[in-house]
Amino acid sequence: MAATYDTVVIGGGTAGAAVAGRLAARGDGSVLLLEAGPDYGARDAGGWPADLLDARILTTSHDWGFASAARTGIPDHALPRARVIGGCSSHNGCIALWGHRLDYDGWSAMGNLGWSAEEMLPFFRRANEMLRVRNFSEQEVTPFHAGCLEAMAMAGIPATEGLNDVNESIGSAVAPVNIQDGVRWNTAMAYLDPVRESPQLTVMGDALVDRIHLEANRAVSVEIVHGGTTQRINTGRIILSAGAYGSPAILMRSGIGEAGALEKLGIQVMINLAGVGKNLHDHPAIELQYRGSETLSSRMAAFAAAGHPIFTEQSLAKARSGHCEEAFDIHVYPASSSRPDDEGRWTLTFPVANMAPRSRGHVWLRSADAAANPVIDTAYLADRDEVDVAVLMDGIALARRITSSGALACLLEQEMPESAMVTDRATTRSACVHYYHPVGTCKMGPASDTTAVVDASGTVHGCENLTVADASVMPTIPRANTNLPTLALAEKIVAGLG
């Protein structure tokens with residue numbers, strides 16, 4: 001006999017862990033959280049792998065293995081997404097940004113009432129509190145990032161008191177982070193650990209969701225693969241939080257999507273929604289590469305010898321290209337290697353990203369098999385007017401001004417050949433990658449918008465008890481690393497669930 005739960009949450013990542021934790025904490029019936037990757041339990045139980053806890057480094061030990069199918073950019077480059085409880089909040093760089101007021105006011109102007117910046121701010125504050133977001137102390141800033149901040153100011157980007165002022169457009173600072181005593185404080189720790197012992201919450205790891213079963217306009221059950229067997233779970237409500245790649249794939253396998261394309265795959269059409277999987281976008285980026293000088297090596301060695309941890313990501317600048325008249329459209333976000341090479345030298349990266357891209361791609365199924373990763377085409381720099389590539393080239397020029405300014409002039413050697421060749425539109429297109437921030441594939445909008453998949457509450461158009469709560473519902477990408485915006489979005493959607 002199939003198990004039954006009042007609510008099934010699909011995906012235990014940044015959003016899903018928060019949704020399940022909030023529902024269990026308020027006693028909103030029985031809740032089953034399904035995560036395709038492992039669940040390592042409460043942090044204090046001691047089962048978490050060291051790399052997922054270590055906030056000093058990026059890790060890809062629990063990865064879905066997604067790859068880019070875009071015609072532009074580095075061919076077939078990896079699109080890391082975390083397959084583990086806590087999702088990308090368990091393996092990211094911990095930068096906790098909110099974006100700009102125009103991002104959320106823009107969502108509201110598209111017909112999504114309740115999503116203006118003023119209405120979102122309480123949920124950002126709640127997300128910050130839950131993830132224990134803090135600022136690095138002056139003593140924690142590495143010599144490399146201290147040099148970056150000085151150089152950013154000399155390149156015309158003034159220092160700011162805080163990067164999360166949603167009214168501010170241009171500035172540089174050390175970014176706020178969700179790091180607690182050196183630990184990457186993820187949403188599983190923040191939202192699930194306090195309710196792990198609740199009889200209302202069940203967390204099931206290594207549970208791959210195949211499809212959602214619908215009867216008329218209601219979702220009635222979820223089919224999963226767990227422990228080598230296929231199981232069916234009955235439920236009164238489903239909240240889909242599998243991310244910008246996973247959520248549209250699950251909808252399409254369930255018969256929710258563009259009818260003609262689903263039929264070609266032999267999938268019975270349940271709800272014809274042409275927007276499912278469309279509107280995919282990320283912040284397109286170029287990564288400039290440098291080798292550290294002997295001066296930097298000695299300063300970093302002294303810093304480490306004094307007992308300071310080396311955090312790879314700290315400094316960040318937001319700026320305007322020549323195509324931007326309000327807010328900002330560029331991030332420069334330097335990063336160091338976590339340790340020197342065998343010769344004692346450091347590898348430094350100066351990525352630059354277009355924060356307001358116009359190009360749109362798609363996610364599509366290879367087959368109806370849940371084990372087959374979808375086709376992911378982010379369509380980097382594909383807008384007809386070629387504004388996206390022009391913005392990115394302005395950002396590259398800015399990043400190179402920064403690397404030759406101030407303290408960085410003596411901390412860096414010449415740019416490495418692999419990025420020094422990026423000098424025009426063609427080479428920019430061929431070297432483009434992502435900023436790890438996919439959004440938009442289950443776009444939020446009113447029913448009158450034929451490209452929308454969910455309404456302003458996250459409810460799928462045409463299915464009254466199926467909600468999507470993750471970055472896939474964002475109609476346009478915020479000018480921020482998307483972990484905190486995704487968490488604030490999840491907080492808002494779960495607060496509105498009856």
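**Strand pairing**

Guide: Val 9 stands opposite Leu 33 in E2. Strands and helices here are DSSP runs, numbered from the N terminus (E, at least two residues; H or I, at least four). It's a predicted model, where local features need pLDDT of at least 70 and side-chain atom pairs 80 or more, while totals for chains, interfaces and linings use all residues. Residues count from 1 along each chain as its sequence is written, and side-chain values use heavy atoms, without hydrogens or water.

Visitor: How many bridges join E1 to E2?
Guide: Four, and E1 (residues 3–10) runs parallel to E2 (residues 31–34). Strands pair if DSSP finds at least two bridges between them.

Visitor: What does the chain cross through from E1 to E2?
Guide: H1, in a right-handed β-α-β crossover (clockwise from first strand over helix to second, with the strands pointing away from the viewer).

Visitor: And E9, how many bridges join E1 to that?
Guide: Seven, with E9 (residues 229–240) parallel to E1. Ala 3 has Ile 233 as its bridge partner there.

Visitor: Switching to helices: at what angle do H1 and H14 pack?
Guide: About 30°, with axes 9 Å apart, for H1 (residues 14–25) and H14 (residues 483–495). Axes are lines fitted to C-alpha atoms over the stretch in contact, and angles run from 0 to 180 degrees between N-to-C directions. That makes the two helices, H1 and H14, roughly parallel (angles under 35 degrees).

Visitor: Which residues make the contact?
Guide: Among them are Ala 18 and Leu 23 of H1, and Leu 487 and Ala 490 of H14. Contact means heavy atoms within 4.5 Å.

Notes:
Angles under 35 degrees count as roughly parallel, over 145 as roughly antiparallel, 65 to 115 as roughly perpendicular and the rest as oblique.
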